[in-house]
Amino acid sequence: MKFQIEDVTVYFPYDHIYPEQYSYMIELKRALDAKGHCLLEMPTGTGKTIALLSLITSYSLSKPQSPIKLIYCTRTVHEMEKTLAELKLLHNYQIKHLGPQARILAIGLSSRKNLCVNPTVLAAENRDSVDAGCRKLTASWVRAMAAENPNVPTCQFFENYEKAASAAVLPPGVYTLQDLRAFGKEKGWCPYFLARHMVQFANVVVYSYQYLLDPKVAGIISKEMQKESVVIFDEAHNIDNVCIEALSVSVRRQTLEGATRNLNRISHEIDRFKATDASRLRAEYNRLVEGLALRGNLPITDNWLSNPALPDDILKEAVPGNIRRAEHFLHVLRRLVQYLRGRLETENVEKESPVGFVASISSHAGIDQKALKFCYDRLHSLMLTLEITDTDEFLHIQTICDFATLVGTYGRGFSIIIEPFDERMPHIPDPVLQLSCHDASLAIKPVFDRFQSVVITSGTLSPIDLYPRLLNFHPVVSRSFTMSLTRDCICPMVLTRGSDQLPVSTKFDMRSDPGVVRNYGKLLLEMVSVVPDGIVCFFVSYSYMDGIINTWNDTGILKEIMQHKLVFIETQDVVETTLALDNYRRACDCGRGAVFFSVARGKVAEGIDFDRHYGRLVIMFGVPFQYTLSKILMARLEYLRDTFQIKEGDFLTFDALRQAAQCVGRVIRSKADYGMMIFADKRWKRIIKGLSSQKEISKKSPFLLKAPKSHSRFNINSTVFNSS
């Protein structure tokens, strides 16, 4: 269908549009017109993705003199493929109505592991090994050797791509990762480097959050993106956590042991080059004296990860004299590793600011702040000089240099926390030194400053007013939309007491109470006897889930549950969980019915849909608060309170709300779907009442706050399912 929103003709590939989609487009256009940033929340299942794509591509078509580029960021490869499939449908519709003038180039960009078509490289086990395998065949010095010696292996796909030169381009169209691989095989070109090259010319680019938020990746992939771009962060309810992780580093004993092995290997390589090609090391030293950290514009195959610090914080000056010579730099790194090893030999939890930590390194290891700042770039330069291709073997020393550069660059918004063991397993010594970022606004600030419009959107952003404070920006539009329903297809309720009138909760002092465990078991037992098809249960942690399942097994409750439905359990092993999910779906398909036990904040809670008969009921056992005794969380809460005046309780409740909304939102994936949601914890009544008193209840996620009934007993019949 076609319709007008002010001066823009919107091309929408479906015959009908939901009221909330139309309202969403109006607010999005307001933000684009104002060239500002916005926060938009619209529930899952209301067509958020196609509304975004339709409005922005139509907006660009309406302004041919100044077309805008769309950068669409997703969390997972699966979401990327779904977005590109929607865009392909929209693109075909626009061409049908407008002809060739509607043609665009849209590509998805992912890691080599997802785009490589060379079977030799793909045989590697993980992403880092695939990257190293590619580097071994495509590095400039490897190709130079292959030109002199035909027996040196190279990648034929990359060689063909290089020979094609300027002819190696993608014709207009929408390319999923599968389409790129197929095109690469057909032409004999490397699809990964082809996609990297075409990113700067594409009208729409779909890739991962990290390609914009992680400085190490963004410095390579996204540095050419023009300012006149619209950036979309989809499913961005956890964007603050992604920002923090991008600037945080953990160092363990295994890291230091691996770094020591890496330094020994680099030392041997330096000795070998001194004996065979000392001029190369001298040339590198002269380059560093002149202030040239790298050899000009490197070939695309030689590009390593960029500096872990943010672009504005990288020093634009010569490398310090005490680390210019390769041997001197290695000696500095050995002292740093030795110092960190000593700091891990502690029996108490220690917390320190970066300024104090840098002063301690200077006094005990003799390494000044400036040398620390340049560690990452100096390592990059040295590994290029030594022509090291198996970069996956050097991840440990990269981590140490990451840590050094960040701790030397930032004095505010970070903490150094050293823990001798995990508090949840105090009998197992596992010391860890963590450089923890507390300020999410640091990583996203370059994105806000650089691009004209950034759209943060998700189905679960509520409470929406906390994001501008967490990310330190001022949105021109901030709106939350509710789902328009023609029937009662959602039945949320809060359960505060069991059938014996004992309160139920996963509060630390109550969670092990036999009465609570028994009542949770009875609740599930009664539900499996009346609810058809699939039931999904979410617990607050893996340890709590394991404990409660063991108790149910000992008391016979689990056996009674399995008389009605099969039981499948999420584990921390990806392969096991994937197999359990597959069998769960098969049990629902054949009519046997099944229960899936999962964990809030786990992989299933964030990315797996239980639509239609796969999820007719979801039970949230407890409130998914973070582990409040975590030293990192405590340090972050303190920083948020002092810097942004965000109270600890407000942030913890906000975080628990968005996690719970993600969990229960797994079962309603469209307006044709229906399901029931039970929040089994007495604290939910207080949380929702508190939100209501702040007059926020009308804005919140419809999954959580559709006037949930409060039940003290669970004699619930199945009329909701039969009538639906």
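**Close-up views of a predicted model**

D402 is buried, with a relative accessible area of 10% (buried means under 20% relative accessible area, exposed over 50%, and partly exposed in between, with a 1.4 Å probe and protein chains only). This is a predicted model, in which local features need pLDDT of at least 70 and side-chain atom pairs count only at pLDDT 80 or more, while totals for chains, interfaces and linings use all residues. Residues are numbered from 1 along each chain as its sequence is written, and side-chain values use heavy atoms, with hydrogens and water left out.

**View 1. C243 in helix α13.** Helix α13 (residues 239-246) holds C243, which counts as buried at 0% relative accessibility. Its contacts, leaving aside neighbours within four places in sequence, are with L213, A440, A443 and I444. The C-alpha atoms of C243 and K445 are separated by 10.0 Å, although these residues are 202 residues apart along the chain.

**View 2. An open sheet of eight strands with parallel pairing.** Follow the strands in the order β6-β5-β7-β4-β8-β13-β3-β14; two strands pair if DSSP finds at least two bridges between them. At the edges stand β6 (173-175) and β14 (477-480), each with a single partner strand, so one side of each has no neighbour in the sheet. Neighbouring strands are turned by 15° against each other on average, direction ignored; axes are lines fitted to C-alpha atoms, for helices over the stretch in contact, and angles run from 0 to 180 degrees between N-to-C directions. Within this sheet, β3 (residues 38-41) and β13 (residues 453-458) pair in the parallel sense over four bridges, and the bridge partner of E41 in β13 is S458. Helix α9 (residues 177-187) lies across β5 (105-108) and β6, running at about 100° to β6.

**View 3. An open sheet of four strands with antiparallel pairing.** Here the order is β9-β12-β11-β10. The edge strands are β9 (249-252) and β10 (350-352), each with a single partner strand, so one side of each is left without a neighbour in the sheet. From one strand to the next, the twist averages 15°. Three bridges join β10 to the antiparallel strand β11 (residues 414-421), and E352 stands opposite I416 in β11. Helix α16 (residues 326-344) lies across β9, β10, β11 and β12 (429-437), at about 115° to β12.

**View 4. Helix α24 and its buried face.** In α24 (residues 542-555), you will find Y544, M545, I548, I549 and W552 buried. Seen down the axis of α24, the buried residues fall within an arc of 125°, so they line one face of the helix; the arc is that of the directions from the helix axis to the C-beta atoms. These buried residues pack against α23 (514-530), β16 (534-539), α25 (557-564), β17 (566-569), β18 (594-599) and β19 (617-621). On the other side of α24, S543 and D554 are exposed. Just after the helix, G556 takes a positive phi of about 90°.

Notes: Helices (H or I, at least four residues) and strands (E, at least two) are DSSP runs, numbered from the N terminus. Contact means heavy atoms within 4.5 Å. The expected span of a helix is 1.5 Å times one less than its number of residues.
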